Amino acid sequence: MSRRPSPPTVLLPAVITVATVGVAAGAAYLARNRRGDVKNAVVNRVLEAPAGRSSYQELQTALERAAVALAARADRAADTPGNRDLLMHIIGIERWGQERLKVALGQKPYVEDTHHPYRPEGGRGLPDLREDLSRTRSGTVDLVRQLHRTPPEDALTVNHNALGPLTAKAWVRYLTQHADLESRKLRAQKPGQDDPGTAAAETVTAGPTRSS
């Protein structure tokens, strides 16, 4: 936890530069910045500036609206190992981000870790993961309510392993955007295929993990 020191200068992950800013806009924006300035510039443009213009209540509303689309994509998803792994990734990142929000709230000390320990255990079926996803998002919404009631200082930041120091509002926007973008990769069940929610859950080993 810090008061917005200059973060290390590394390239911003593609999930921010391309998916959020847009392919053409992201490429043009990166081309106008020196390599060492890219991460700060894009994080400020995509996360900090929009989040800073929003209240916690507005961020909560956006989080709840995104949850509707998130649940719909999960409901349409086919019961495949790839989809289950993707949902575990989304859940793991959001639970990991919740721990960072708790740091901003002063509820726990900062611990440098990754999202991997927060992923649901391997072998959980799609219906269970849908429930995990819903409970996880509800937990994030509750934390944003707490942030509204007892907001931290605007300058307070909590480190993101790849993006550097983020304010609490930027963390909320990051979690909203991350789940939204990743859930778009879920593959829907084919026409005529049985509803995966009613099928017996197939036991699988968790697939490859993704970095935070």
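## Second largest pocket

The lining of the second largest pocket consists of six nonpolar, two polar and four charged residues. Here Ala, Val, Leu, Ile, Met, Phe, Trp, Tyr, Cys and Pro count as nonpolar, Asp, Glu, Lys and Arg as charged, and the others, Gly among them, as polar. The structure is a predicted model, in which local features need pLDDT of at least 70 and side-chain atom pairs count only at pLDDT 80 or more, while totals for chains, interfaces and linings use all residues. Residues are numbered from 1 along each chain as its sequence is written, and side-chain values use heavy atoms, with hydrogens and water left out.

The volume of this second largest pocket is about 170 Å³. Helix 4 (56–76) and helix 6 (126–149) are the elements that give two or more residues to its lining. The lining residues are E64, A67, L70, A71, A74, D75, R130, L133, S134, R137, S138 and V141. On a 1 Å grid over the protein atoms alone, a pocket is an open set of points with protein on both sides within 12 Å along at least five of seven lines, a cavity is a set of points where a 1.4 Å probe fits but cannot get out, and lining residues have an atom within 4 Å of a point. Grid points are joined across faces, edges and corners, and a volume is the space filled by probe spheres set on the points.

## Largest cavity

Searching the whole structure gives one cavity of 30 Å³ or more. The volume of the largest cavity is about 30 Å³. Helix 4 and helix 7 each give two or more residues to the lining of the largest cavity, and helix 4 has the largest share, with four residues.

The residues that line the largest cavity are A66, A67, L70, R73, R137, T176, A179 and D180. By class, this cavity lining has four nonpolar residues, one polar and three charged.

## Chain and fold

The protein chain contains seven helices and two strands, where helices (H or I, at least four residues) and strands (E, at least two) are DSSP runs numbered from the N terminus. Their order along the sequence is α-α-α-α-α-α-β-β-α.

Of the 212 residues in the protein chain, 46% are buried; buried means under 20% relative accessible area, exposed over 50%, and partly exposed in between (1.4 Å probe, protein chains only). The accessible surface of the chain is about 10500 Å², and carbon and sulfur atoms account for 51% of that surface. Accessible areas come from the Shrake-Rupley method with a 1.4 Å probe, and for residues only the protein chains shown count as cover. Among contacts (heavy atoms within 4.5 Å) between residues at least 6 apart in sequence, 82% join residues at least 24 apart.

## Helix 7

Helix 7 covers residues 168–183, 16 residues in total, and spans 23 Å from its first C-alpha to its last, close to the expected 22 Å at 1.5 Å a residue. The expected span is 1.5 Å times one less than the number of residues in the helix. Since 14 of its 16 residues are buried, helix 7 is largely enclosed by the rest of the structure.

## Selected residue pairs

E58 belongs to helix 4 and is partly exposed, at 46% relative accessibility. A78 sits in the loop between helix 4 and helix 5 (81–104) and is buried, with a relative accessible area of 5%. A78 and L186 are 108 residues apart in sequence, and their C-alpha atoms are separated by 8.0 Å.

H160 is part of strand 1 (residues 157–160). H160 is buried, at a relative accessible area of 2%. From H160 to G97 the C-alpha distance is 8.6 Å, and the two are 63 residues apart in sequence.
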